[in-house]
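Please look at the sequence and structure first.

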Amino acid sequence: MLTQFRTETAPPSRTATSTEAAALASLMVEDEAAVSDAPTYSPEAVGAGLLVLGLLLSPKPPKEAKPTR
Amino acid sequence: MPFAETPLRDEYAAAVEHLARRTLDALHDDAAPPPEAPGADRPLLAAARVLGPDLFAPRLLAGAGPDGPTAALLAEARRTLPPPAAPSAGAALVIAWQDWAAGRLLARTPYGDGAPMPPAPPAPGESGWQTWSVRMSQLSGLALPGLDGPVHDSARTHALSLARGTVRALLRRDQTTAARLARWLAWTDAEGLAPRLEVAPVLDRIRLAGDGSARTALGLAIAHRLLAAPGGGRPAP
């Protein structure tokens with residue numbers, strides 16, 4: 001629906017309004033995009049413990065069968 | 001008008017794009033931006049206020065001084081639209097430095113009004129290189145030949161933090177911030193400082209994956225020009 005849009009346009013007066021000042025400030029000082037932070041290494045004790053436990057419980061690799069006569 | 005029923009910020013952002021495109025075309029043609037019609041409308045004045053020193057980039061990178069028609073437009077924008085109230089102290093400092101840079105360039109024309117020098121921005125040691133690099137990206141309009149001051153001294157001293165900030169922005173896929181920091185890196189390169197990061201591949205990456213806006217394209221073009229002529233963009237002493 002068109003009514004959901006604001007119909008504010010540039011004011012005709014020669015003095016800056018507060019809305020205009022806010023629009024200007026946001027364009028002059030753009031903050032960095034809030035996407036995601038850089039991937040950082042964060043070791044977690046629980047995760048590492050689970051890994052070690054999984055390694056210990058994992059089945060041993062099969063050995064080569066001895067030739068039978 | 002194509003943006004008559006959009007919020008005010010969108011209207012001004014569209015005007016910024018329009019003016020940045022004209023400045024970019026002028027930069028490619030090695031000329032001053034064509035003068036706007038007399039009695040510029042308010043969105044255009046707002047766009048001139050936002051772009052500030054970048055309006056003179058085509059002339060400054062060609063080794064010339066600010067041109068009269070562009071200076072008249074910027075001076076009228078500064079008269080009509082005083083510095084806006086910033087939401088934080090850091091943002092206020094950024095606006096003050098942008099105003100200072102525009103004032104320094106206007107001082108070479110009959111429209112000079114002598115903007116006072118703001119306090120120096122905090123060093124990376126005080127605020128951390130992440131915060132500092134974001135602040136420098138907001139001040140990338142100052143990375144032009146013919147401008148020098150405490151912000152430029154900070155860029156010279158902390159070129160490694162600029163490189164770190166650029167890589168961080170690339171990892172965050174924040175191409176706009178990365179483009180602005182890469183422009184500072186190109187500026188330090190033009191100053192003859194040892195490169196902390198190979199800038200040309202970064203610029204290519206941003207060109208391919210960037211936001212596609214004319215404002216970012218203008219920053220990239222300025223960075224390319226700074227890289228292409230190390231020290232050549234500065235006016236002869």
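A nonpolar core is a set of buried Ala, Val, Leu, Ile, Met, Phe, Trp, Tyr and Cys residues joined through C-beta atoms within 7 Å. A residue is buried if 20 or more other C-beta atoms, placed from the backbone, lie within 10 Å of its own. The model is predicted: local features need pLDDT of at least 70, side-chain atom pairs count only at pLDDT 80 or more, and totals for chains, interfaces and linings use all residues. Residues are numbered from 1 along each chain as its sequence is written, and chains are lettered from A and ligands numbered from 1 in the order in which they are written.

**Core**
- The largest nonpolar core has 78 residues, and Y12(B), V16(B), A47(B), A48(B) and A182(B) touch the most other members.
- At least three residues of this core come from each of domain 1 (1-119) and domain 2 (120-237) of chain B, with bounds from an automatic or database domain assignment.
- Beyond four places in sequence, A182(B) touches T166(B), V199(B), V202(B), L203(B), I206(B) and A223(B); contact means C-beta atoms, placed from the backbone, within 7 Å.
- Of the 237 residues in chain B, 52% are buried.

**Fold**
- Chain B has 12 helices and zero strands, where helices (H or I, at least four residues) and strands (E, at least two) are DSSP runs numbered from the N terminus.

**Helix pair**
- Helix α7 (residues 129-138) and helix α10 (residues 175-190) of chain B pack at about 85°, with axes 8 Å apart.
- Therefore α7(B) is roughly perpendicular to α10(B), a class that covers 65 to 115 degrees.
- S133(B), V134(B), M136(B) and S137(B) of α7(B) meet T177(B), R180(B), L181(B) and W184(B) of α10(B).

Key: A residue is buried if 20 or more other C-beta atoms lie within 10 Å of its own, exposed if 12 or fewer, and partly exposed in between; C-beta atoms are placed from the backbone. Two residues are in contact if their C-beta atoms, placed from the backbone, lie within 7 Å. Axes are lines fitted to C-alpha atoms, for helices over the stretch in contact, and angles run from 0 to 180 degrees between N-to-C directions. Angles under 35 degrees count as roughly parallel, over 145 as roughly antiparallel, 65 to 115 as roughly perpendicular and the rest as oblique.
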